[in-house]
Amino acid sequence: MSTDVATPSRRVTLGRAARTFLDRRASLMPTLAAFVIFVVLLAGAEIHFGNFVTPLNMSALLLDNAYLLILAVGMTFVIVTGGIDLSVGSVMAFTGVLCAHLLAAGHSAAVVVPVIILGGAAIGLLIGVLVQYFDVQPFIASLAGLFLARGLAYVVSLSSIRVENESILWLQTTRYRLGEWYITPTGIMALLIAAIGAFVMQYTRFGRTIYAIGGNEQSARLMGLDVARTKVLVYVISGVCAGLAGLVLTAYSGAGYPRNGIGTELDVIAAVVIGGTLLTGGTGYVLGSVIGVFVFGTIKTVISFQGAEQSWTRIIVGLMLLLFIGVQRIIVFRSERRR
Amino acid sequence: METRPLLELAGGTVYFGADAALDSVDFRLFPGEVHSLMGENGAGKSTLIKAITGALALAAGELRLAGSPVHLRSPHDAQELGIRAVYQEIDLIPNISVAENIALGCEPRRFGMIDWARMREDAHAVLADLGLDIDPASTLGRHSLAVQQLVAIARAIFTDVRVLVLDEPTSSLDVDECAELFRVIRDLQQRGVAILFVSHFLDQVYEICDRVTVLRDGKLVGEYLTREFLRIDLVHAMLGRSADSLRARTLLHLADGRKEPYLSARSLSVGSGINEADVDLVEGEVLGVAGLLGSGRTELARAISGIDKLDAGIIRIQGNDESIDGPRSAISLGIVYSSENRRTEGIISELTVQENITLALQAERGVLRRIRPSRQRELALSWVDALDIRPPDVDRPAGTLSGGNQQKVLLARLLALSPRLLVLDEPTRGIDVGAKVEVQNLIGELADNGLSVMFISAELEEVLRVGNRVVVVQDGRIVDTVPSEDLTVDSLTAMVARPDDASRGSSS
Amino acid sequence: MTKLMKHRLFWPVCSLLTLIIVNTIARPRFMKITVRDGELYGALIDILRNSAPLMLVALGMTLVIATRGIDLSVGAVMAVSGAVSLTIIDGSSSPGSTGTVLVAIAAGVGVALLLGVWNGFLVAVLNIQPIIATLVLMLAGRGVALLITDGFITTVNSAPLEYVSTGYLLWLPFAFIIAMTAVVVIAVFERRTALGVLTEAVGINPEASRLAGVRSRGIILGAYVVSGTLAGIAGIIYSSNIRAADANAAGDLIELYAILAVVLGGTSLMGGKFTIAGTVIGVLIIQTLKSTILFLGVSSAQSPVFFAAVVILVVLIQSPRLHRMARGLTGGARPANPAPRSDAEVPA
């Protein structure tokens, strides 16, 4: 006796396979849309400039945006729970300049790297505790984190510090080549972190709890999931990612600079949203955020190819963000209507 | 049926503030039985359910499972003991798959990773048990509420269940789905599971339940066998008789030349709440609306006062067709609405009594034309006086007043607009007896002064006392409209409780 | 005494007074005010002058927060308004004429007002979450400002413009007079018309307000328009101060300080009842803190660490959990009835 309840007549016209797909993976649609946009952007740029999609340029895309990729992975975790982390740009600057400072003071990379990761984790822990145990809104709690990290960055140094340490510079200068394509250790790091992030989200209870919290926190609690610990941990993860991003950025620019990352959190949030994650939480994929970062990076590259002001990047990204949110709202609106 | 109860509550008491939401209630559930919990709003049903599922702590009394006392500190404890509840508000995660919702918390693993394939298989099995043929990998939110409810039940029975509480499980199901659910319930019954079935549909209660416990005002009224307990006695037990001194309202007999109705509604339909309703509201008359919880009485009120958009139907005011397109539009036509959710849709708790009373009037005048503070005070004080609002301090935050006085503040707000038609949804709910009578008398006076009033209440006696005519609502339809002088509480109870003649098989 | 303590402004005022007293003890010159040519000078006067941009932005933020919203774009709007005005002055043939400056200011503030309308439209009409809606402008706004200035920091030399931030009127800095005028005008408007009460109603209980016939859409839209306009004026003052339009630095982090000021003043982030006086005190607290930090020799770039501590302290104090913990510690009376564990509906 079937209780296959009526699906809206609108979708009856699609193939059965498509319908099943939508039923299962509707939340993948925005991510697919982002991918399509990415491809369209590349195609458009290729047509316009002629030599845009080359192995050299594409490899550079990953290289230049590795730090953003790492930040986006951490931010995805936080946003899917329905929260937000405004501190990532500042934490990245802090850990970056701290790294440079400690290296310049003579410590070995083997000591410095764990220290800065811990630093990022500590700020993330502070934010997580404020959010979970003191009922502080994530916006305010991560704002405090932003203030703290930014100030600490300047406490470490008011100006930039060059990095001479071989092992750190190795991360950036080494190229592994495959024909014309190349990748750096930082690029590998970024992709690895993305892969780990995606795995955790899909195949561990921790990851599924994150989705549950974003979907309905009260229900998740009633279902016996460890909501408190998870909510704190996502901010720690975001902090760790910010620490790693600081390392990567320092290696990339060869220096730690306390003024780094101003406004970067917004770029990250934009990339994550464009990649298909809803700011309201509950849906989103790490893969989507990766695509979002590449979209962002492509826009930046196109603009520099065009010779136009870099400021156009922010404007276009802002408008895209608006467009995506508008579309997301319509989708959400429609699915609510159905019930 | 074994003779020892599986779940037993003795002297259960729960307080909300100073009120006893549950007052020394004894309750028993036997294994393999389907038991119904009945009572109107505020009777204590949801409190009892929360107490036995660990969502609320008992202030007094003892809970025993299979004879041994248990202390539930959280719903998790109850779930571990096999006590599961499926609520009307789906307590699941809408953005993940059906299989995951069923298995969340005990997902099958392989090499430390979640085994999605196994999860889907297991889910498919338990869904098939329920006769539900849906894709376990599909996202939960894409299914109708009916299906989601069945998935919630699937989750509840996924691991060993001993006591299953079903809170209004059939409210979004059609006839076929209901039959399927009942089949599952009987199946579980065979396995020795004790089932608590809470529903306001009397037919269903009589169809599937063995015994019924009735609560009223937080107290136990009694425990009965359904095969020995008449429907009308059940409704009587739920609604009861209030023991206050009655000052009978002298019902104004309407003049022989029937007046033209102020508002005339034909074929009103809104979603599945109300269908094809015809209502006339006459000036100087109180129209009582009687019906059980869920019958559509609130939907009718909201449809008439323009709060909800009509799917079909016409409203005529003083002979002219009007389309009422929201509260502002209704107010400009002289129609005001008081919601049954006093706290969430009525009182603005942090604003003062004065500000609450003058709110609607001020909103009507607009932002720029402020009512002079002295005039505001005068207005507030005069209403406080007229309605005997206590304490008479207009600068207190309205949220600090008792329920009865809050209702009076709301009434004052509406009356300050000099309306022609007052739609009041359960204005006396949760109010102490003395204030109840005051409000009832007030409504009578308003009608005597020429207002038209639509008065909804769960207490049939009140409806008869205050109303000139009574509209009986059942399952979204108006069953009859009768002058109250032709009714007694018993006959009205019978009408409200009468088995539904109209087929429920029509799509809801 | 307890009645005084219960007053909403008690703690904010106390905090401010404490700060002032501590400062005076540390540097007695703090309280010294000198008069020269009919103009007042001194550390206190500097605080008043420097507080002007934040005062304006925080004022607008108060109204937006009261409607249960938030405006993250104010910094970007400041940058845009500065960019527009200075570009006009720079491009005109008589940058020193009052007429040009007035036109430029009008244009800058006008654009800011339109940006406020944009935000209000997104929130009130399209029902987009305020954080997201204003995030868009926060992102794109600075880019627009940079475009207007062609990526450069446009500097001008214009006496009338400089007057805005350095001039005096009636013994007090002109900038401060502007801010105070805005405060007074808005406070009077809110309380003399019904706007204040209706805004609070919308913020406390949007649904009940709607049923009572309140025009929530217009009220919410209005709040964002005011916020944008005030940010525009703040942008002019800022640009006047540095005699330039710096699209990146203008209003950097100001939205965060503004929110902090509102919270310090006692208005809840959840919306509803608001206090403009509280926000004014909150702004003065922040400004005094900044001055204190500078005096302590901390570079202004590092001052955010202190503000982080302040933010954390404030939210902890306001946190209900802390109240519960404190009550437990001091052995306060246990509530007579066990609090419901879940979101139990109180039976009506």
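Chain C meets chain B through 31 residues of chain C and 39 residues of chain B, where a contact is a pair of residues whose C-beta atoms, placed from the backbone, lie within 7 Å. Of the side of chain C that touches chain B, α10 (195–204) and α11 (206–211) each supply at least two residues; the largest share, six residues, comes from α10(C). Helices (H or I, at least four residues) and strands (E, at least two) are DSSP runs, numbered from the N terminus. This side of chain C divides into 16 nonpolar, seven polar and eight charged residues. Ala, Val, Leu, Ile, Met, Phe, Trp, Tyr, Cys and Pro count as nonpolar, Asp, Glu, Lys and Arg as charged, and the others, Gly among them, as polar.

The model is predicted: local features need pLDDT of at least 70 and side-chain atom pairs count only at pLDDT 80 or more, while totals for chains, interfaces and linings use all residues. Residues are numbered from 1 along each chain as its sequence is written, and chains are lettered from A and ligands numbered from 1 in the order in which they are written.

Chain C also touches chain A, with 32 residues of chain C in contact with 34 residues of chain A. Here α7 (130–148), α15 (304–318) and α16 (320–329) of chain C each supply at least two residues of the chain C side, and α7(C) gives the largest share, eleven residues. The chain C side of this contact is made up of 23 nonpolar, six polar and three charged residues.

The largest nonpolar core has 377 residues, a nonpolar core being a set of buried Ala, Val, Leu, Ile, Met, Phe, Trp, Tyr and Cys residues joined through C-beta atoms within 7 Å. A residue is buried if 20 or more other C-beta atoms lie within 10 Å of its own, exposed if 12 or fewer, and partly exposed in between. The residues with the most contacts inside the core are I70(A), L71(A), F455(B), V57(C), V80(C) and A258(C). Helix α10 (residues 227–253) of chain A contributes the largest share of this core, 16 residues. Beyond its neighbours within four places in sequence, F455(B) is in contact with residues including V286(B), L424(B), I443(B) and V466(B).

In helix α9 (residues 297–304) of chain B, eight of eight residues are buried, charged R297(B), E299(B) and R302(B) among them. G306(B), which follows α9(B), has a positive phi near 75°. Helix α14 (residues 276–295) of chain C reaches 29 Å from its first C-alpha to its last, close to the 28 Å expected for its 20 residues, the expected span being 1.5 Å times one less than the number of residues. Because 15 of those 20 residues are buried, α14(C) is largely enclosed by the rest of the structure. It is followed by G297(C), with a positive phi near 90°.

In chain B, strand β3 (residues 34–38) has five of its five residues buried. V34(B), S36(B) and M38(B) point one way from β3(B), and H35(B) and L37(B) the other. β3(B) runs parallel to strand β10 (residues 194–198), joined by three bridges, with V34(B) opposite I195(B). Strands pair if DSSP finds at least two bridges between them. β3(B) also pairs in the parallel sense with strand β11 (residues 211–216) over four bridges, and L37(B) stands opposite T213(B).

Terms used
Two residues are in contact if their C-beta atoms, placed from the backbone, lie within 7 Å.
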